[in-house]
Amino acid sequence: MPFRLRKDAKEWFRGISDKFSLDFDTYYFCLMAGLATGRKSFPQASEATDLAQDFPGEYRSRGRIIVALLLAREIKALGIKFEERTPLHREISKLIDPLSSTHLSSSGLDAINQYSFGGFDVLSEWFEDRPRHLETFLPNFSRRLRNAIRGDTVSPT
């Protein structure tokens with residue numbers, strides 16, 4: 001199963017995507033917003049497009065960090081404490097496949113894609129209009145992401 005990107009996300013980023021070296025950059029922005037806020041979405045298969053079977057380019061060396069962020073979010077969402085070894089191991093084993101090139105099981109890829117899909121919904125709420133200049137998008141994205149991670153519910157302008 002591949003990483004999947006919502007078609008409307010690809011369209012939304014079209015004003016700055018020519019500055020990206022990979023289509024996966026668009027996926028990454030969506031994913032980070034989804035993981036930071038805990039938002040998942042479940043669009044129809046026809047509303048998404050396949051990106052890659054593995055972490056591409058520079059993301060390959062950072063894939064384990066991305067997987068760790070997914071695990072942390074899922075464990076937090078389930079309310080499992082790290083001291084609870086049995087439920088923790090059970091949930092991690094559902095998401096991880098150590099033999100996979102991404103280290104994600106089929107369920108893990110489903111979950112990470114759902115966070116990316118939900119992250120696009122978050123981006124659409126954070127920004128009144130689609131980004132047109134990378135130089136203005138990046139600082140705004142960074143600020144909103146930090147606020148989401150801190151748990152601030154008010155979205156700064």
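This is a predicted model: local features need pLDDT of at least 70, side-chain atom pairs count only at pLDDT 80 or more; totals for chains, interfaces and linings use all residues.
Student: OK, how many helices and strands does the protein have?

Tutor: The protein has six helices and two strands, and along the sequence they follow the pattern β-α-α-β-α-α-α-α. The radius of gyration is 16 Å, close to the 15 Å that the globule rule gives for 157 residues, so the protein is as compact as a globular protein of that length. That radius is taken over C-alpha atoms, and the globule rule is 2.2 Å times the number of residues to the power 0.38. Helices (H or I, at least four residues) and strands (E, at least two) are DSSP runs, numbered from the N terminus.

Student: And what box do the C-alpha atoms fill?

Tutor: Taken along the principal axes, the box is roughly 45 × 35 × 30 Å. Buried residues make up 45% of the 157 residues, where buried means under 20% relative accessible area, exposed means over 50% and partly exposed lies in between, using a 1.4 Å probe and protein chains only.

Student: How much of the contacts comes from residues 24 or more positions apart?

Tutor: Such pairs account for 72% of the contacts with a separation of 6 or more, a contact being heavy atoms within 4.5 Å.

Student: Switching to H2, how many of its residues are buried?

Tutor: In H2, 12 of the 14 residues are buried, so this helix is largely enclosed by the rest of the structure. Among the buried residues of H2 are Phe24, Tyr27, Phe29, Met32 and Leu35, and what covers the buried residues includes strand E1 (3-6), helix H1 (7-12), strand E2 (48-52), H3, H5 and H6.

Student: What about H3, which of its residues are buried?

Tutor: The buried residues of H3 are Gly63, Ile66, Val67, Leu70, Leu71, Arg73, Glu74 and Ile75, and their cover includes H2, helix H4 (85-95) and helix H5 (106-126). The 16 residues of H3 should span 22 Å at 1.5 Å a residue, and the end C-alpha atoms are 23 Å apart, which agrees. Glycine 79 follows H3 and has a positive phi, near 75°.

Student: Now pockets, what is the volume of the second largest pocket?

Tutor: Its volume is about 160 Å³. On a 1 Å grid over the protein atoms alone, a pocket is an open set of points where a 1.4 Å probe fits, with protein on both sides within 12 Å along at least five of seven lines, and lining residues have an atom within 4 Å of a point. Grid points are joined across faces, edges and corners, and a volume is the space filled by probe spheres set on the points.

Student: Which residues line the second largest pocket?

Tutor: The lining consists of Met32, Leu35, Ala36, Leu69, Ala72, Arg73, Lys76, Leu145 and Ile149. Helix H2 (24-37), helix H3 (63-78) and helix H6 (134-150) each supply at least two residues of that lining, and the largest share, four residues, comes from H3. By type, the lining divides into seven nonpolar residues, no polar ones and two charged ones. Here Ala, Val, Leu, Ile, Met, Phe, Trp, Tyr, Cys and Pro count as nonpolar, Asp, Glu, Lys and Arg as charged, and the others, Gly among them, as polar.

Student: Last topic, is leucine 104 buried or exposed?

Tutor: Leucine 104 is buried, with a relative accessible area of 3%, although it lies in the loop between H4 and H5. Leaving aside neighbours within four places in sequence, leucine 104 is in contact with residues including Phe3, Val67, Leu70 and Ile112.

Student: And where does histidine 103 lie?

Tutor: Histidine 103 lies in the loop between H4 and H5 and is partly exposed, with a relative accessible area of 23%. Histidine 103 has a positive phi of about 70° although it is not a glycine.

How values were computed:
Residues are numbered from 1 along each chain as its sequence is written. Side-chain values use heavy atoms; hydrogens and water are left out. The expected span of a helix is 1.5 Å times one less than its number of residues.
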